[in-house]
Amino acid sequence: MCMDFDYIIADPTGNITVLILSPYTEDNRQAMIREAFEAVPSCEQVGFIVPVSETAVRLEMMAYEFCGNATLSAAAWHAGMHGIETGHETDVTVISSGVKEPLSVHVINSGSSFVGSVRMPVPVTDSFRGYPLVRFDGISHLIVPSGAFSDEAAESAVKEYAAELGVPALGMMLTDDFDRLTSPEHALTPVRIRPLVFVPGSDTLFWEHGCATGSTAVGWYRYDTAGITRTDAEQPGGIIRIDIEDAQPKLTGRVAFRN
């Protein structure tokens, strides 16, 4: 299927993201999103990006939620479009849906891919159904032990919980390491995560290969409860790193682009 609008395919830690570059209206927006999913079977999410200036870009996710990986991808694309050379670095401001303030992303061109780092919004640690819940304005994440749900039960639960919580998007971060998350002796051990994300506004549900906001949620929960300042979140698509600096989470991930 050939889409009749311009787009790019980003691969941030396996979390395949289609970013649409063409203008859109509220009348054709949903049709473009559907077409993107149909044309790119591995796609896990869709966003729209609009350049603002040489150093800034606007990102609007498919259901106006917030996505850390799409934020890194939009910044990397914008830096590449403005000629960042291999080995060089720059800062790109991303004005994203789901967050109140613009985000400054530090981008490095490593040749075959880009490395992006961004100070994420500070979330709120809560609890829900006996599990840790980490809330951002544009998405929330529930952290649960892998054995608590079968895959089918998790898919049903995340939809039910999203409706109950009234959030724009809900992730369920299933981890085999739940009992060791806040153990200082395991502070430097990578945390294994299987991310499941449901976005009610687009009615999309994916077992994602890599979830940046979910990784941030796990890293923030470890810091907020046990003072752990670094988390390497190991997911099917690779590792996303979270550092806590000056009581604020910093996300670092790698972005490649597909033809």
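**Reading a sheet, its helices and the spaces around them**

Student: Which strands does helix 4 (residues 212-226) lie across, and how is it angled to strand 10?

Tutor: Helix 4 lies across strands 8, 9, 10 and 11, and runs at about 70° to strand 10. Helices (H or I, at least four residues) and strands (E, at least two) are DSSP runs numbered from the N terminus. Contact means heavy atoms within 4.5 Å. Angles, from 0 to 180 degrees, are between N-to-C directions of axes fitted to C-alpha atoms, for helices over the stretch in contact. This is a predicted model, where local features need pLDDT of at least 70 and side-chain atom pairs pLDDT 80 or more, while totals for chains, interfaces and linings use all residues. Residues are numbered from 1 along each chain as its sequence is written, and side-chain values use heavy atoms, without hydrogens or water.

Student: Which strands does helix 3 lie across?

Tutor: Helix 3 (residues 151-165) lies across strands 8, 9, 10, 11, 13 and 14, at about 140° to strand 11.

Student: In what order do the strands of the open sheet stand?

Tutor: Strands pair if DSSP finds at least two bridges between them. Here the six strands follow the order 8-9-10-11-13-14, with mixed pairing. Strand 8 (124-128) and strand 14 are at the edges with a single partner strand each, so one side of each has no neighbour in the sheet. Neighbouring strands are turned by 20° against each other on average, direction ignored.

Student: How many bridges join strand 13 to strand 14?

Tutor: Four bridges join strand 13 (residues 194-199) to strand 14 (residues 204-207), and the two run antiparallel. Val-197 stands opposite Phe-206. The two strands form a hairpin with four residues between them, and Asp-203 in the turn has a positive phi of about 50°.

Student: How many cavities of 30 Å³ or more does a search of the whole structure find?

Tutor: On a 1 Å grid over the protein atoms alone, a cavity is a set of points where a 1.4 Å probe fits but cannot get out; lining residues have an atom within 4 Å of a point. Volume is the space filled by probe spheres on the points, which are joined across faces, edges and corners. The search finds three such cavities. The largest holds about 130 Å³, and its 18 lining residues include Gln-45, Cys-67, Ile-139, Val-197 and Glu-208, which lie nearest its centre. Helix 2 (68-81), strand 13, strand 14 and helix 4 each give two or more residues to this lining.

Student: What volume does the second largest cavity have?

Tutor: The second largest cavity has about 50 Å³, and Asp-177, His-186 and Arg-222 are among the residues lining it.

Conventions
1 Å grid on protein atoms, 1.4 Å probe; cavity = no way out; pocket = protein on both sides within 12 Å on 5 of 7 lines; lining within 4 Å.
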